[in-house]
Structures are given as C-alpha cells and as structure tokens.
Amino acid sequence: MPTARFPPERSGWKGPLPSQPQPILLTVRELSIGGAERDLTKIAKHLDRSRFEPHVGCFRDQGLRRAELEAAGVPVVRFPVHSFRSPSVFKALAAFRRYAKQHKIALVHSFDLPTNIFGCAGARFSGLPFIASQLWFRESIYYSGWRLHLLSMRAADAVVVNSHGVEERLL
C-alpha cells in the first residue's frame, strides 16, 4: 500500500508551509449511504482545519451525509451532471471552475469513478492539482466508463488506492 507523505515536513516538501488553511474540494457522486461517501465525510469532518478548509462537491446533494457535513461546517456544492453524454456536463464544468476560483480551491480530490472523470476535467480546466481514487477492481466497472476513468487516472497528479490488490491491478 502506498505510504502517506504527510505532514509536508516529512514528505520532502521544500517550500514554506502555507500560513492560511488551504481550501480543498473533495468530490463524490452523491451524499447517501456508501463506502466512498462515508470516507469522504470522515475526511472532510476530521481534516486539520488549521491547515485545510474542506469543501464537498457532488452531482446529487441530498442524502444522509449532507446533514453531517453541514453540522461540521463543511460547505456542499452541487454540480448537476446527469450524464457525460449530456450538455449538462459543460455547464457543470463551468460552475466547477467558477466555484474553484471564487473559493480559491488549491486541490481537488475525487472519491468515485464519476467524480474521478469529472473532477479531473474540472481540475485541469481550472489549473488545479488533482488526486484520484481507485477503491475497486476493474471488473466492477462498465467498459466505456473504465476507459474514461483510466484517462483521468493518467492525468491525475496522484492516485489513492485502498489495497495492494487494487494497486497491482491498476499498475
């Protein structure tokens, strides 16, 4: 499993640490029950607020995790993507870019396949670093989605995996 490279003092970071908390955008398709949704919520709630200011972006902003995030003071923004074959994706990418600029987002981290694809495009369109997540085996993904997903993984600045098996298959 990949080794954590934080805090920056231990990662080979050369520059000074930021004096202000850095706004980051964590993305997931929806805020309902699910492993990725739970992981994103835990991370957003428990990040060191002296160093990071979490924001959550999603396609569907209803679900039990929304109340948890709002209670923790984490802003939730909806990017209404209904299909990657629909013109709605271009409107959502423009909204993503506006949100990132308005909130001075410094990093985008996606937690599932649809937001890996969307988050990568949005981050690149906005000139931001992007972290993708690969938390499942390829066999569980429909073929056309897998191709787009692989493109987003190749364009990512980093990829987070949750097991040696997933890491080996991804490599």
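Biologist: Which residues does Glu37 touch, not counting residues up to four places away in sequence?

Modeller: This is a predicted model, in which local features need pLDDT of at least 70, side-chain atom pairs count only at pLDDT 80 or more, and totals for chains, interfaces and linings use all residues. Residues are numbered from 1 along each chain as its sequence is written, and side-chain values use heavy atoms, with hydrogens and water left out. Contact here means heavy atoms within 4.5 Å. By that rule Glu37 touches Val28, Glu30, Leu31, Ser32 and Arg65.

Biologist: Where does Glu37 lie?

Modeller: Helices (H or I, at least four residues) and strands (E, at least two) are DSSP runs, numbered from the N terminus. The place of Glu37 is in helix H1, residues 35-46.

Biologist: Glu37 has no salt bridge; what is the nearest side chain of opposite charge, and how far away is it?

Modeller: Lys and Arg count as positive and Asp and Glu as negative, while His and the chain ends are not counted. A salt bridge requires a side-chain nitrogen of Lys or Arg within 4 Å of a carboxyl oxygen of Asp or Glu. Glu37 is buried (under 20% relative accessible area; exposed is over 50%, and partly exposed is in between, with a 1.4 Å probe and protein chains only). For Glu37, the nearest side chain of opposite charge is Arg29, at 5.2 Å.

Biologist: Which residues are linked with Arg65 in a network of salt bridges?

Modeller: Arg65 and Glu68 both lie in helix H2, three residues apart, about one turn of the helix. Their side chains meet in a salt bridge of 2.9 Å, N to O. Arg65 is buried at 13% relative accessibility, whereas Glu68 is partly exposed at 28%. The residues linked with Arg65 in the network are Lys45 and Glu68.

Biologist: How far apart in space are Glu70 and Lys45, C-alpha to C-alpha?

Modeller: Glu70 lies in helix H2, residues 64-71, and counts as partly exposed because its relative accessibility is 42%. Glu70 and Lys45 are 25 residues apart in sequence, and their C-alpha to C-alpha distance is 9.6 Å.
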